[in-house]
Amino acid sequence: MNTEYQNAWKTARESAGLTQEAAAELVDVSVKSISYYESGARHMTPQIAAQLADAYRAPWLRNLYCKECPIGCHRNLPTEPTDLRTASIDAQCELRAEEIGRRIDRLMEIARDGKVDVNEMRDFKMICERFREMQHALAKFELLMDMLRK
């Protein structure tokens with residue numbers, strides 16, 4: 001477990017004004033378990049991660065947990081709190097209509113014959129990477145909505 005991951009859980013707990021004892025009580029685990037999770041000595045279950053993220057009012061922790069999971073580690077999700085200004089600026093940079101239109105036009109050219117040939121592979125990979133970057137920008141708004149609901 002990486003250090004960023006460990007420190008994020010402890011920092012979020014402290015930012016929520018909770019002691020390890022209070023956090024343990026909220027999710028029905030021992031204080032020792034909270035200590036183990038924060039130190040990286042023990043990996044928490046997805047259920048505990050979700051409960052702690054909710055208890056700490058820190059929805060980005062769910063995404064951080066996913067980064068450590070073999071299933072979710074390939075997803076490009078925001079793992080830090082965001083604000084409206086940051087999310088909006090990122091969206092402005094990533095979601096330019098003209099560029100998206102060009103990428104989709106090229107994707108349709110590639111897809112016309114139902115396969116990606118060797119000459120198209122470079123463009124196809126670039127389009128997929130760009131879509132991942134766009135997905136990340138949009139995910140910041142989803143995270144912001146979660147933060148505002150809490």
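Trainee: With which side chain does the side chain of arginine 130 make a polar contact?

Mentor: Good place to start, and keep in mind that this is a predicted model. Arginine 130 lies in helix H8. Its side chain makes a polar contact of 3.0 Å, and the partner is the side chain of glutamate 133.

Trainee: Is arginine 130 buried or exposed?

Mentor: The relative accessible area of arginine 130 is 10%. Buried means under 20%, so with its 10% arginine 130 counts as buried.

Trainee: Leaving aside neighbours within four places in sequence, which residues is arginine 130 in contact with?

Mentor: Let's set those sequence neighbours aside, as you say. Arginine 130 itself sits in helix H8. The residues in contact with arginine 130 are then Cys93, Glu94, Glu99 and Arg103.

Trainee: Which residues make the nonpolar surface patch of about 250 Å²?

Mentor: One member lies in helix H8, which covers residues 121-149: phenylalanine 131. Patch members need over 30% relative accessible area, and phenylalanine 131, at 31%, is partly exposed. The patch is made by Ile104, Met108 and Phe131.

Trainee: Which residue's side chain does a polar contact join to that of serine 33?

Mentor: Serine 33 has its place in helix H3, residues 31-39. With a relative accessible area of 10%, serine 33 is buried. A polar contact of 3.4 Å joins its side chain to that of arginine 42.

Trainee: What is the phi of aspartate 28 near?

Mentor: Aspartate 28 is placed in the loop between H2 and H3, and it is exposed, with a relative accessible area of 72%. Most residues other than glycine have a negative phi. Aspartate 28 has a positive value, near 60 degrees.

Trainee: Where is arginine 57, with its positive phi, found?

Mentor: Phi of arginine 57 is near 55 degrees, a positive value in a residue other than glycine. Arginine 57 is partly exposed, with a relative accessible area of 46%. As for its place, arginine 57 is found in the loop between helix H4 (46-55) and helix H5 (60-68).

Trainee: Which element of the chain has the lowest mean pLDDT?

Mentor: The chain averages a pLDDT of 86, and 93% of the residues score at least 70. Where pLDDT is low, the predicted coordinates should not be read in detail. Among the elements, helix H2 (residues 20-27) has the highest mean, 96, while the lowest, 80, belongs to helix H6 (residues 84-94).

Technical notes:
Residues numbered from 1 in each chain as written. Heavy atoms only, no water. Patch = residues over 30% accessible without salt bridge, like charges linked within 9 Å, V, L, I, M, F, W, Y side chains within 5 Å. Areas by Shrake-Rupley, 256 points an atom, 1.4 Å probe, with all protein chains shown as cover. Salt bridge = Lys/Arg side-chain N within 4 Å of Asp/Glu carboxyl O. Helix = DSSP H or I, 4+ residues; strand = E, 2+ residues; numbered from the N terminus. Buried < 20%, exposed > 50% of the residue type's maximum accessible area, 1.4 Å probe, protein only. Polar contact = N/O pair within 3.5 Å; in protein donor to acceptor, adjacent residues only side chain to side chain. Contact = heavy atoms within 4.5 Å. pLDDT = per-residue confidence, 0-100.
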